[in-house]
Amino acid sequence: MHSLRSSSQPIMKRARPTPPPTPPFSTTKITRPFSKKPKPATPPKWVSLGLTQSELSLPLTFPTGQTFRWRQTGPLQYTGVVHSHLVSLKHLQNGDVSYCLHHTTTSEAKARLALLDFLNAGISLSDVWAVFSASDPRFAELASHLGGARVLRQDPLECLVQFLCSSNNNIARITKMVDFVSSLGDYLGTVEGFEFHQFPSLERLAKVSEDELRAAGFGYRAKYLIGTVNALQSKPGGGAEWLASLRNLDLQEVIDALSTLPGVGPKVAACIALFSLDQHHAIPVDTHVWQIATRYLLPELAGARLTPRLCSRVAEAFVSKYGKYAGWAQTLLFIAELPSQKALLPSHFSSIKEKKSAESKNGKMCSGN
């Protein structure tokens, strides 16, 4: 067979087309098929909050049972949502507190004011504790080791829902339930793997069914949450406004008003009053506070069974001892009993053993709530 082309036949090269002449001053913009390199992420901007560690200790304020919506996102750093603001707080080397605003729907100035309001920054913790310490040597010693344990001023609806979830519950399960409710609100961002949402409005909560809540692990608390949302919606002017208006009432009026809501008993009502409604002398009485009271304020009641009447007596004893900010004193004394904080105290604070008698078995939260 013969090849298609003889070896002696010259190889013809394909002629390259001659490009058209380029005008001397071309104004045509050359578009490239690839995009520009992405700009490097802007490092977070940390700004001083103007609070020292003695005025605000993050580890003694956020993970101690006042709120279940803040997460630890770094060493001595906590992240959470205040209204529509996603913010991180952290201690600097000298102990001062700084903040980083990750997201806001308003201005940075308004976000800062909202954060300071949430932290009750208008109240000098040092001044309040100086009064307590002058009349109570034990408090003075505790305060020297647990400085900066501050009481928060949360949104009333957010606080109410959280403490409805807390009834007869443990922290891990409370946090899971609160996370579910929070996820119903607008997504604000992710920090160190944690997603954060604005707390849902009352109108959004009204769209959740009891079956959905039960499927999310709320148990019997599902009907309380549904009932409370319905009750709030029927309030004149709206439930959120009604809750905020309770800040202008006396403590007993606040407790009575909150106790009309399904699932809210005296202890839950006192928590909401203290942590969101400016009732600084509210005393949430549970078995832990009962033990503190019978150990240091009312020793004659040791061994008695905790009843609603004795709950009131314990609250009166705290107010008699510490005055109009008694709830702040009770908060520190409660924190000092937490296992995570006892490690920060000298050994002699642990020398008083918990009584393993009938009193510890019989002591219950007031009305189970």
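The entries below cover the cores and then the strands.

**Ground rules.** I am working with a predicted model, where local features need pLDDT of at least 70, side-chain atom pairs count only at pLDDT 80 or more, and totals for chains, interfaces and linings use all residues. I number residues from 1 along each chain as its sequence is written, and side-chain values use heavy atoms, with hydrogens and water left out.

**Main core.** I looked up nonpolar cores, meaning sets of buried Ala, Val, Leu, Ile, Met, Phe, Trp, Tyr and Cys residues joined through side-chain atoms within 4.5 Å; buried is under 20% relative accessible area with a 1.4 Å probe, protein chains only. The largest has 81 residues, and Trp129, Phe132, Phe139, Phe218, Leu258 and Phe318 touch the most other members. Helix α12 (residues 266-276) supplies the largest share, eight residues; helices here are DSSP runs of H or I, at least four residues, and strands are E runs of at least two, numbered from the N terminus. This core lies between domain 1 (46-123) and domain 2 (156-346), because both give residues to it. The domain bounds come from an automatic or database assignment.

**Second core.** I also found a separate core of 17 residues, with Val82, Val87, Val97 and Phe118 among them.

**Strands.** I counted two strands as paired if DSSP finds at least two bridges between them. Strand β5 (residues 97-103) runs antiparallel to β1 (residues 46-51), joined by four bridges; Ser48 has Ser98 as its partner in β5. Six bridges join β5 to β4 (residues 85-91), also antiparallel, and there Leu86 partners His103. β4 and β5 make a hairpin with five residues between them, and Gly95 in the turn has a positive phi of about 95°.

Key. Buried means under 20% relative accessible area, exposed over 50%, partly exposed in between (1.4 Å probe, protein chains only).
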